[in-house]
Every structure is written in structure tokens, then in C-alpha cells.
Amino acid sequence: MLCCGPVNCGLAIQGDHVFVGTLDARLVALNIKDGSVAWEQKLEDWQKAYTSTGAPLVVGDLVVSGIGGAEYGVRGFVQAFKAATGEPVWKTFVIPGPGEPGNDTWPGDTWKTGGASTWQTGAYDAETKTLLWGTGNPGPWNSDLRKGDNKWSCSLVAMDVETGKIKWAFQYTPNDAWDYDGNNAPTLLDLTIDGKPRKVAVQSNRNGFLYVLDRKAGEFIFATPTIEGINWTTGLDPTTGRPAVTEAMRPVSGGAKVETVIPGFEGGTNWFPIAANPEKGIVYLNTNDWAMSLKAWKPEDVVYNAGQVYMGVDYQMYRHKEHTGFLKAFDVANKKWLWELPSALPMFAGVLATKGGLLFTGDQLGFFQAVDAQTGKPLWRFQTGSGINASPITYELDGVQYVAILSGLGGDPGFYFSGPKGGMLWVFAVDGKVADTTSFNPTIIETALPIYGKQ
Amino acid sequence: MASNRLHRRRGFAAAALTLMLAAGAMLPVLAEEGMVNPVLGDQAAIDAGRKTYRQRCYICHLSQGGRGPNLFATTLSDEKFLMTVINGRKGASMPAFGLQLSPDEVWEVNAYVRSTDHYE
């Protein structure tokens, strides 16, 4: 069972191996030359709805993987294996067990099925040998059935890459009731803020805020809303970053429907990576301004059954403005929003920033576009034929610079929009020309249509 | 080709019947157009179907369709509905529930979605 579509966020390559997670919760290493299986490890039991949709991360001689399934009562963890052999090295549960610090933020046995999945790839700080891994929503969604902060759900967890030991963690949304996952990996920048040089982690969150944390100790520096009208909180504590919750926006089990909560559970910024200009300290992000309703079931109706949905709420997403999606630029060092580029439909694509001052991203209308990083003005666009729900990459080959993007409806956008499903990889060269659109370069299957006399 | 297809269809129906008998299910009515939901309109089945819908289907199909199609306006035949839930849909996100839901439970869900035009 998968909450959000049969998706895969990517793979990792090191040496002779390609690493990929599978929907049935295995981590597989393939031999790069022939695709044969070099090794595989079971991450967890797929029949308990554990699944792997994220891209593994290779650090040194380790390959690291998270896990998905927070809508089904999993217990989130991050696990490392020897990249060469698949031998397990460490496994860290991001929900602390009995005797571990933070376990007392879960009543009774709720920690065992508390969610906090780790479905997106984390970031790595090579200087301090630290993994910075985001965690997802606690489960079930009914926050009053697990009173407490529910550490470390909806958090950023810093782990020693060699041992998996948690060095520090920062919780964006304690006792989350709104599915505000904190999985999107932070972008690491070195900046001067308020006259002080800081090594920061910048994270654009589903809960509607962009967070700037000191990445050495997880200290909250500041946060800023990425959309207007956030109403689940009246604001964040300026010292700790802890939100003051609007209790009227927190659904109560068996209580009335709560609406409309801003942002809706999709966020804010969902999984799609933000981009940065590390020299100027500016980040570029896609974010969405939409809303939701939530109605929490009666407590007696919320029962954990292994492998089954464990959400306990009725939910509905809503559009509530002319524009839902925005590409925005934020000057982190000067705490200033610079510009925004609206889109009628929600954005679900990553952003790529180039040193030459270009941004690349895509929208649900199918346009892959280049934008002036300084002004936010669109410079070029291309219709890819389906919604864009991936991250652009750029690379150089034989002296030519390329930009590539996957186009296709999948994941949550595939639930909200109908249209051509797509499933195409588009590659553009910086000096390239668009091919004649009436030709599609079919490749002849030689065995089916050989040249007469040569078969 | 045509006889092949017919043969396959017969085999399919026979396999489905075997599965249901093996599961100790209530006997469906075999009509020309296929199996017909034996508990259609039965209030106890509708109530049970709502519970299963909320637990298993709502996450995608929501109050009136959403991530998945609006089941309250389904145009599928009873048999096609049953088979889609049991086998899933290739090329779509609909998973196969054959190992998780019994045919009886699927009939109850079918009875529920045919009893109203939305979930509430």
C-alpha cells in the first residue's frame, strides 16, 4: 500500500554499483555494466506498509536509505550499509525507543506506530561528517491520540554518518495535526547573518515557513512565511522557533470539521528541492498557497492494523486563490523577499540555479522554463506535454552544457490533475535547436522490418 | 482470436468463482452480464461497507472522488467493480486488494457506494 502513488525519487551511483530503493522496501545494488543484482537488503516488511520511494545517498563507503509509510503506522528510521557488500552498518530510529531521550513525548506505546517516515534523501555536511535528514508526519493524524511533542516527527535530525548517532534535532512542528512533513532536505550555506558568520541549513517546510537553522547545533536563527495567511499558528517563538498553535485549527477526534487550514497538508513547499546562489546567499523555491479541511474520527474508530491506513481523519485539499503556485526568491542574509512568479496551478518541481544567473523549473501546465534569477522574469519556455514533477539537472559533456528534466504526472499531482501522463526525459543543449516537431525519429526494429535480402 | 478471448474470459470467471467459494463467500448471482452484488440495498452491508470505505478507500477516492475516481458515480458493472478491487488496475495507482479484502467486503463497499452520492 502506498499513500501517494507508486513513485521513485531517484537512484545513487558509486563505482560499479547503482543503488535503488524498491516499493516493497528493499535496497538493491545493481552492477552498473549489466544490471545484475550485486546485493540486496530488506529494509523492512512491505506487508506492514513500509516502502522505499526516496533516492539512496552514498557517503564514502556507505549507502544510506530512509523509509516511507507514515500514513500506515510505520516507525521511521535511517539505515546505512556498506556500499560494496550491503553489510548493515547502523540503523537509527528517528522515533526514540524506551530509555532514549524523547521517548517520553509519546504516550504509552504510540511511539511504535508513530510514523515520522524518512522518505526523502537527506543532506550531508562533509565538514562535520553529519547527515541532516528530514522526518515526516506523526501517525495517526489525530494529534490528541498522541499528546506530546512526538519527537522526532516533522523534524530535521542530525546524525553522525559513521555511527548513526543523533547529534541534535530540530522539530519544526511539534505534535503535528496537519501532515506537515519536514522531509525536504535542507540546503547548506555559509553566510553572514546579523553581522555574524553562520553555517546554516535552509529548509522550506510544508507548514508554510522557510527555516534558517545553524547546522552545527540545530539552533533556530529565524524563519519567514513562504505564503500569506498561515493560520494553524499565530507565529513562531523568535528564540526557539516553536510555533504557537491556533487550537481552533487543530481537529479534535470525534469533533467538528476544521476548515480551512492554511496551508493545506501538501504544503507550503512539498518534496521539491529549493536552489541557492551560495555566493549571494539567495534561495529560490517553489511554494504553494492552498488550504484544506480536516475532520478527525472518533478515537474508537482509529485502530492500528498492520499494513492498513492509519490516518484517522477525513481530509480535503482546496484551491482558494487565483494563483496556487509560486516561484520565489529570498535573500537569506538580508531576510528579504525579492520577487515572485505566480502560476495558476500548484508547483511540484525542483529548482535549478546556474552560476550564469538562470533558474530552471517546470509547472503543472507542462512548461519547462528558464527564469532570470535576478528579476524573476521568464526568459524561455518549452511545452513538454505533461506536468513537471521532478528536478532539473545540468551537466557538461564534450564541451556542451545540457539541461535535463523529466516530465510526467505522478505522485500527488497525478491525483489532482488529469491530462497526458507523459513520462518523458527532455534534454536541452544551451546552444541547441528545437527539432522539427513533426518528426519523432522512430528506431526501426531490425528483426521485425529487416531490409529485404539482408535478413 | 475471438475464440481465444472467449476461452480466456470463461477461465477468468471460473477462477473468480473458485476463489469466492474457497473464501466461503455468499454465492453471487450469475447473470448474463456477470456477477451481481448479492447484498445490494442491504442496510447492514451498506453500514459495513461505509466502514471499509473509510478505512481502505477514502485515502484516494475521498468524499466524491479525488486521487482516484468518484466511486459514488461508478459506471462499472458489479463484476467489474469486484475484479478491479481484487486485481487492481494495471498502469494506474489502484492497488490489488485481493489479499486484504474478502469478496464479501468488496460487495459491501459496492453496496455502500451505490447507496449514496457521496461519503460523509
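Q: Which residues do ring pairs link into a cluster together with W141(A)?
A: In this predicted model, the structure holds 37 aromatic pairs over all chains. Ring pairs among them link W141(A) into a cluster whose other members are F265(A), Y315(A), Y53(B), Y58(B), F72(B), Y112(B) and Y119(B).

Q: How are the axes of helix α2 and helix α4 of chain B oriented, roughly parallel or roughly perpendicular?
A: The axes of α2(B), residues 43-61, and α4(B), residues 103-113, come within 7 Å and cross at roughly 100 degrees. Angles of 65 to 115 degrees count as roughly perpendicular. The two helices α2(B) and α4(B) are therefore roughly perpendicular to each other.

Q: How many residues of the contact of α2(B) with α4(B) are nonpolar?
A: On the side of α2(B) the contact includes Y53(B) and C57(B), while α4(B) contributes residues including E108(B) and Y112(B). Two residues of this contact are polar and two are charged, and the nonpolar ones number nine.

Q: Which kind of aromatic pair do F382(A) and W426(A) form?
A: F382(A) lies in strand β29 and W426(A) in strand β32 of chain A, so the pair ties together parts that are 44 residues apart in sequence. The ring centres of F382(A) and W426(A) are 4.9 Å apart, with 65 degrees between the planes. Planes over 60 degrees apart count as edge-to-face, and the pair of F382(A) and W426(A) is accordingly edge-to-face.

Q: Is A256(A) buried or exposed?
A: A256(A) is placed in the loop between β18 and β19 of chain A. Because exposed means over 50% relative accessible area, A256(A), at 59% relative accessibility, counts as exposed.

Technical notes. Residues numbered from 1 in each chain as written. Chains lettered and ligands numbered in written order. Predicted model: local features only at pLDDT ≥ 70, side-chain atom pairs only at ≥ 80, totals over all residues. Heavy atoms only, no water. Axes fitted to C-alpha atoms, helices over the stretch in contact; angles between N-to-C directions. Helix = DSSP H or I, 4+ residues; strand = E, 2+ residues; numbered from the N terminus. Parallel < 35°, antiparallel > 145°, perpendicular 65-115°, else oblique. Contact = heavy atoms within 4.5 Å. Nonpolar A, V, L, I, M, F, W, Y, C, P; charged D, E, K, R; others polar. Buried < 20%, exposed > 50% of the residue type's maximum accessible area, 1.4 Å probe, protein only. Phe/Tyr/Trp six-rings, centres within 6.5 Å; stacked < 30°, edge-to-face > 60°.
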